[in-house]
Amino acid sequence: MTDAATRPQPAPALTRREQILREAARLFAERGFHGVGVDEIGAAVGISGPGLYRHFAGKDAMLAELLVGISERLFDGGCRRVAEAAAEADGDPAAVLDSLIDGHIDFALDDRALITLHDRELGQLRDSDRKLVRSLQRRYVELWVDVVRRLHPDATEADVRGAVHAVFGLLNSTPHLSRPAALPGRAATAALLRRLALGALAALSAGAA
């Protein structure tokens, strides 16, 4: 008999605020920020449009929380993965890089709407929020650059930085993939993205040679 403690636990139910953000991200990605009204977001979660104002000041606040929130999540998650992988693998940069890639693939497969939202709607944020997003993104890039430079010490910093941005572009292409039914399952897609990312970064050594 399977021990109850080892059984997979169901995901916690989303709070009302999380439900609103999830539906707002989906609708903004599908129809554009200006193409969605507060009433439509409310209808998607079963409350009136005015009822949303108990949770958010308006659409601008939702967009800011979505884009700042995902940038914070990527950076904080990256820091945690670097620390955990370094501790478990005695600082092996290959193991640390593997963990970073896996974390970003999870984001790219599970948060496609937020990728679309960032590409299309970042300019809608007020200056302070947009600057915060950019700052978090730069810090996230530096996590990767530090690890990749340790793994490819003969590559120039410019090449490493360019390769990291190229890998982000590759992984963040998931919203542009063909119909989900035409793709392999999630695990197979994740494995493919992982091989492509590692192959792109391995080219740094070939270039140095």
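Predicted model: local features only at pLDDT ≥ 70, side-chain atom pairs only at ≥ 80, totals over all residues.
A crossing of two helices is called right-handed if the near helix is turned clockwise from the far one by less than a right angle.

**How confident is the model?**

The protein chain has a mean pLDDT of 89, and 90% of its residues reach 70 or more. Confidence is highest in helix 6 (residues 127-151), at a mean of 97, and lowest in helix 8 (residues 186-208), at 89. Take care with residues 1-6, where the pLDDT is below 50; beyond near neighbours in sequence, this stretch has two contacts in the model.

| Helix pair | Angle between axes | Axis distance |
|---|---|---|
| Helix 3 and helix 4 | about 150° | 9 Å |
| Helix 3 and helix 6 | about 20° | 9 Å |
| Helix 4 and helix 6 | roughly 145° | within 9 Å |

Start with helix 3 (residues 59-88) and helix 4 (residues 93-110), which pack at about 150°. Angles over 145 degrees count as roughly antiparallel, so helix 3 is roughly antiparallel to helix 4. Helix 3 passes helix 4 in a right-handed crossing. On the helix 3 side, the contact includes Ile70, Leu74, Gly78 and Arg81, and among their partners in helix 4 are Ala95, Val96, Asp102 and Phe107. By class, this contact has nine nonpolar, four polar and three charged residues.

Helix 3 and helix 6 pack at about 20°, and are therefore roughly parallel to each other. Here helix 3 passes helix 6 in a left-handed crossing. Helix 3 contributes residues including Leu67, Val68, Leu74, Phe75, Gly78 and Cys79, while helix 6 brings Leu132, Leu136, Arg139 and Tyr140, among others. The residues of this contact divide into twelve nonpolar, three polar and three charged.

The crossing of helix 4 and helix 6 is left-handed.

**An annotated stretch**

An unreviewed UniProt entry lists residues 37-56 as "DNA-binding region". In the model, this span is 40% helix and 0% strand, and its end C-alpha atoms lie 14 Å apart.

Methods: Residues numbered from 1 in each chain as written. Heavy atoms only, no water. Axes fitted to C-alpha atoms, helices over the stretch in contact; angles between N-to-C directions. Helix = DSSP H or I, 4+ residues; strand = E, 2+ residues; numbered from the N terminus. Parallel < 35°, antiparallel > 145°, perpendicular 65-115°, else oblique. Contact = heavy atoms within 4.5 Å. Nonpolar A, V, L, I, M, F, W, Y, C, P; charged D, E, K, R; others polar. pLDDT = per-residue confidence, 0-100. UniProt positions renumbered as here; feature names shortened; annotations may be inferred.
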